[in-house]
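Here's a quick briefing to read alongside the model. Have the structure open as you go through the points.

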Amino acid sequence: MIDRPDREETLTAALSAVTAVAGSFVAVGWSRQFVVAPVDQQIVNLTPGPIVTFMIENVGEAGHLVHIGLALGAVVGLFGLVSLAGVRLGTRTERPLVGGLAAGVGVWLLSAALTREPLLALAPAGPMAVFTAVGGVQTAAGSVDRSRRRTLGTLAAALGFAGTAAVTGRLLHGDAPLDAAPNAEGADERLSEAEANRLDTASDDLPGLVSDIDGFYNVDIAEFDPEVTSEEWSLTFTGDVGRELTVEFDDLIERDVENRFVTLRCVGEDLNGKKLDTAVWTGTPLGPLLDAVDPQSDCDCAMLRGDDGYYVQFPTDVLRNGFLAWGMNGKELPQSHGHPVRVLIPGHWGETNVKWLTEIELLNTETDGYWEERGWEGTGEVKTVAKLWDEGITELDDGRIELAGHAYAGTRGISRVEVSTDGGDSWADADLSDPLPDGDVWRQWRHTFDPDGSHDVVVRATDGNGTLQTEEETSSSPDGAAGWVERTVTA
Ligand SMILES: Nc1nc2c(c(=O)[nH]1)N[C@H]1C(S)=C(S)[C@@H](COP(=O)(O)O)O[C@H]1N2
Ligand SMILES: [Mo]
């Protein structure tokens, strides 16, 4: 039987565990080597699809906090048990230092097993050994009164250590500035083109025709992004191919270079959500590479795989129009957007644009991808949408109201955006930005009106085929939100 730990033992164990996690953070920051990362990954992997979908639809971004919180709690709990065992050992042998050392070794082994980084696992082990030993010494020490005062000292030291570690870890491991992408000379011209075509809007906060890299939305199955250098990276074509092929980064960037506008939209976003952005991407067409491997696949389909364990199944004929990108707005692809190479599929939902792309496997039979296994149907063409975000609603000096936003319909393009300020009874055509080339990019719209109290504003787009945006509202699951964005605007 193990006695229930008393208050001092519990405090020592909890503090030691927190300092150990903090020690790991100082050494490696919020990265894959952080001890919490593998536990978080397990939690994500084991969460059933319906729960993931429920979280995406109802909890949104905060869903990340839930699994990160669980992972942090699990690691602190685990380390706490190790520390408790160390304290007990110290008491039994009357050698608190031995107990501390044992807890340190225990945490080192645990961390090394979790992260597979034995050297970096010393970072959590050190503080664990020190604080468990100190706690053990105090538990052993004489009068209750003295030990309580000491405990307060240790508490302050431990929290001070953890706080300093959190700040230092952030400073040491913050994002480094991005280098220019190789062979991306044409990107600047594209960026100027976007700037020249943007609509003049009163709002400073509304994105232009190209989104800032920092503001570009992010959707990842993993909280901790893969770290793949361009030297390590390669893309292999496997499965039912006439000829296997592996492409290295240096070869890839020597192929035909294009700088394309491509808009991405996530199938999981709300109707008026913000998972819609545009960049100028530097890369090379995928078609010639596919020709070179001579696909023999019976289903004319392929599985695309990323280094984070993500996978998407896709028809080969659509893949032919795809693009392998290593640059974003003239810079190398940021880690969070798939460094060093991702695929971009024109006109299809965001989930098809696999980041950290490492393998294209030609299949014999259709097989579900990561999100399809979880109940989504997000590999098809994007739905038509016109957005009206908060930043697009501006009261002008003369009392009129300017409404502005973006509309997107994938490769179908946008031919018209209409705005109603009376709940859909009457409609006016909005101004549109000139269409950008490359055929998978949004347009901006703008409409100014004289307000009279409260207005029921509705916005709707028509795609390049003349098809009006679907009026009937559906939620994002399984194949993307539909409906017309409707908002109350009051002068
Ligand atoms: N490897 C990998 N690729 C991925 C994802 C992912 O989690 N892992 N998410 C997909 C989803 S759902 C979307 S909407 C887009 C988002 O791309 P972004 O994060 O660059 O905006 O990437 C897609 N590609
Ligand atoms: Mo997505």
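**A helix pair to start with**

Helices α5 and α6 run roughly antiparallel to each other, since their packing angle is about 155° and anything over 145 counts as roughly antiparallel. Bear in mind that this is a predicted model.

**How α5 and α6 pack**
- Helix α5 takes in residues 96-115 and helix α6 residues 122-140, with their axes 7 Å apart.
- The crossing of the two is right-handed.
- On the α5 side, the contact is made by Pro96, Leu97, Gly99, Gly100, Ala103, Gly104, Val107, Trp108 and Ser111.
- Across from them, α6 brings Leu122, Pro124, Ala125, Met128, Ala129, Thr132, Ala133, Gly136 and Val137.
- Sorted by class, that contact comes to 12 nonpolar and 6 polar residues, with no charged ones.

- An unreviewed UniProt entry puts the label "transmembrane region" on residues 12-30, 65-85, 97-114, 120-140 and 152-172.
- Take residues 12-30: the chain there is 89% helix and 0% strand, and its end C-alpha atoms sit 25 Å apart.
- Residues 152-172 come out as 100% helix and 0% strand, with 30 Å between the end C-alpha atoms.

**The five-stranded sheet and the annotated domain**
- UniProt (unreviewed entry) assigns residues 226-371 the feature "domain: Oxidoreductase molybdopterin-binding".
- That span is 10% helix and 38% strand, and its end C-alpha atoms lie 19 Å apart.
- There's an open sheet of 5 strands, ordered β2-β1-β10-β5-β6, and its pairing is mixed.
- From one strand to the next, the twist averages 20°.
- Inside this sheet, β5 (residues 301-306) pairs with β10 (residues 357-362) in the antiparallel sense, over 5 bridges.
- To find your place in β10, look for Leu362, which stands opposite Ala302.

**The four-stranded sheet**
- Another open sheet has 4 strands in the order β15-β14-β18-β19, and here the pairing is antiparallel.
- Its edge strands are β15 (428-429) and β19 (485-490); each has a single partner strand, so one side of each has no neighbour in the sheet.
- β18 (residues 454-463) and β19 pair in the antiparallel sense over 6 bridges.
- Ser454 is a handy place to look, as it stands opposite Thr490 in β19.

Note on methods. Residues numbered from 1 in each chain as written. Chains lettered and ligands numbered in written order. Predicted model: local features only at pLDDT ≥ 70, side-chain atom pairs only at ≥ 80, totals over all residues. Heavy atoms only, no water. UniProt positions renumbered as here; feature names shortened; annotations may be inferred. Axes fitted to C-alpha atoms, helices over the stretch in contact; angles between N-to-C directions. Parallel < 35°, antiparallel > 145°, perpendicular 65-115°, else oblique. Left-handed = near helix turned anticlockwise from the far one by under 90°. Contact = heavy atoms within 4.5 Å. Nonpolar A, V, L, I, M, F, W, Y, C, P; charged D, E, K, R; others polar. Pairing = 2+ DSSP bridges.
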